[in-house]
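These are my notebook entries on one protein chain. I set down what I looked up, topic by topic.

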Amino acid sequence: MSIRRFAKSRRAVAAVSLTAVLTLAVTGCGTDGGGKKADDAGSSPSSEPSKSSDGDKEAKQEDTAAGDNVDPNVKLAEVKGDGLTLVINQVKRDSGGFITVQGQINNESDQTRNTSSWAGLESAISSKNPNSVAGATLVDKAGKKRYYVLRDTENRCLCTTSIPPLLAGKTIPVFMQFPAPPSTTTEVDFTLPTFATTSLKISG
């Protein structure tokens, strides 16, 4: 074999070897990348945000729907105001030292009614009780004392909040919790802005 032919053979062998090394390197990188992507996909918390959101919604619904187990056919009082009818279904004294008033408001007019005025002065002094029934009050005539809707430590009312404009023909349930008057008081006057005052007998 001549020196010239031997040099060509060495160059050919070197080229083949280099090609093999590059092929292995590329294959190795592809495997690492694919493995990393698979791990990332397996650890992605795709369902966690939706679960958290659902939990928040459920908590809010429980907070604003205390009257779910009240019989809507029981009418302890009925008052009207601005094309609306407020029916009180239950007025109950609880062992915790408060009174819960539950009812429903029906829009009997042919127009949508704004509900913001039911919050009373709350709309001006607090943004934590939007479109609520926090403006309701109870008056104990015998004890000469007025009771307002209870608040929690963050000044949120213990009542129905975030009430949307009430469409014509629609009804919404509402509830309010007040400090309880003395056990000797069995009747109070109830007032909600835009509605007439009515007397309520306390049960429990």
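In the loop between which two strands is lysine 144 found? I looked this up in the model, which is a predicted one. Lysine 144 is found in the loop between strand S4 (137–140) and strand S5 (145–148).

**Entry 1**

I then looked up its surface value: at 78% relative accessibility, lysine 144 counts as exposed, because the cut-off for exposed is over 50%.

Aspartate 82 is not a glycine either, yet its phi is positive, at about 55 degrees. With a relative accessibility of 48%, aspartate 82 counts as partly exposed.

**Entry 2: the sheet**

In which order do the 4 strands of the open sheet stand? I found the order S1-S2-S3-S6, with antiparallel pairing. Strand S1 (77–81) and strand S6 (171–179) are at the edges, and each has a single partner strand, so one side of each is left without a neighbour in the sheet. Neighbouring strands of this sheet are turned against each other by 25 degrees on average, direction ignored.

I then examined one pairing. Strand S3 (residues 98–107) and S6 run antiparallel and are joined by 9 bridges.

**Entry 3: two residues in strands**

Is valine 91 buried or exposed? Valine 91 is found in strand S2 (residues 84–93). Its relative accessibility is 0%, so valine 91 counts as buried. Leaving aside residues up to four places away in sequence, I found that valine 91 touches Leu76, Ile99, Thr100, Val101, Leu200, Lys201, Ile202 and Ser203. Leucine 76 is 15 residues from valine 91 along the chain, and their C-alpha atoms are separated by 8.3 Å.

Glutamine 177 lies in strand S6. Glutamine 177 is buried at a relative accessible area of 17%, because buried means under 20%. Its contacts, not counting residues up to four places away in sequence, include Phe98, Tyr148 and Leu158.

**Entry 4: the disulfide**

Which cysteine does a disulfide join to cysteine 157? The partner is cysteine 159, with an S to S distance of 2.1 Å. The count comes to 1 disulfide. The torsion about the S-S bond of cysteine 157 and cysteine 159 is about -70 degrees, so I recorded the disulfide as left-handed. Both cysteine 157 and cysteine 159 are buried.

**Entry 5: the aromatic pair**

How many aromatic pairs are counted? The count comes to 1. The pair is formed by tryptophan 118 and phenylalanine 195; it is tilted, with 6.1 Å centre to centre and 45 degrees between the planes. Tryptophan 118 lies in the loop between S3 and helix H3 (122–125), and phenylalanine 195 in the loop between strand S7 (187–191) and strand S8 (198–201), so the pair ties together parts that are 77 residues apart in sequence. I checked the accessibility of each partner. Tryptophan 118 counts as buried at 0% relative accessibility, and phenylalanine 195 is buried with a relative accessible area of 8%.

Key: Residues are numbered from 1 along each chain as its sequence is written. This is a predicted model: local features need pLDDT of at least 70, side-chain atom pairs count only at pLDDT 80 or more; totals for chains, interfaces and linings use all residues. Side-chain values use heavy atoms; hydrogens and water are left out. Two strands pair if DSSP finds at least two bridges between them. Axes are lines fitted to C-alpha atoms, for helices over the stretch in contact, and angles run from 0 to 180 degrees between N-to-C directions. Buried means under 20% relative accessible area, exposed over 50%, partly exposed in between (1.4 Å probe, protein chains only). Contact means heavy atoms within 4.5 Å. A disulfide is a pair of cysteine sulfur atoms within 2.5 Å. Rings of Phe, Tyr and Trp (its six-membered ring) pair if their centres lie within 6.5 Å; planes under 30 degrees apart count as stacked, over 60 as edge-to-face and the rest as tilted.
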